[in-house]
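Visitor: I would like to go through this model with you and ask what stands behind the words used for it.

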Amino acid sequence: MLHLLYILAFTVLAFLAVGNLIRSLVTVGMESQRPQQFRGNNRYASYSGSQAVPHPELLDEYGNVVNEPLLVMRSLTVQDAREQLDALYKSSPGGSEEGSERR
């Protein structure tokens with residue numbers, strides 16, 4: 001009898017999960033059919049002041065949206081990265097010297 005109760009409970013849960021999945025797919029499908037109003041390079045430029053406020057880190061000291069990269073990285077070759085990692089490893093406490101054995 002307990003097995004039938006488990007089977008019934010998991011069957012109900014499975015139907016609820018599948019129903020939720022279908023409902024979510026329909027919702028996403030309907031939202032993808034709506035025209036998007038805010039297209040462009042600056043996603044905050046076309047927002048009105050009453051709709052949404054961008055994150056404070058994206059604003060300059062005057063409250064204008066920053067339109068420049070927030071992170072600039074220079075590219076490294078694999079050899080440069082290995083040399084930097086080796087230098088860090090050797091300078092750390094317990095870093096091994098060339099030719100010493102590992103434990």
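Visitor: In which helix does Leu-2 lie?

Guide: Leu-2 lies in helix α1, where a helix is a DSSP run of H or I with at least four residues, numbered from the N terminus. This is a predicted model, in which local features need pLDDT of at least 70 and side-chain atom pairs count only at pLDDT 80 or more, while totals for chains, interfaces and linings use all residues. Residues are numbered from 1 along each chain as its sequence is written, and side-chain values use heavy atoms, with hydrogens and water left out.

Visitor: Why is Leu-2 called exposed?

Guide: Its relative accessible area is 52%, and exposed means over 50%, buried under 20% and partly exposed in between, with a 1.4 Å probe and protein chains only; therefore Leu-2 counts as exposed.

Visitor: What makes α1 hardly covered?

Guide: Among its 32 residues the count of buried ones is 0, and of the 103 residues of the chain 3% count as buried.

Visitor: How many helices and strands does the chain have?

Guide: The chain has 2 helices and 0 strands, a strand being a DSSP run of E with at least two residues.
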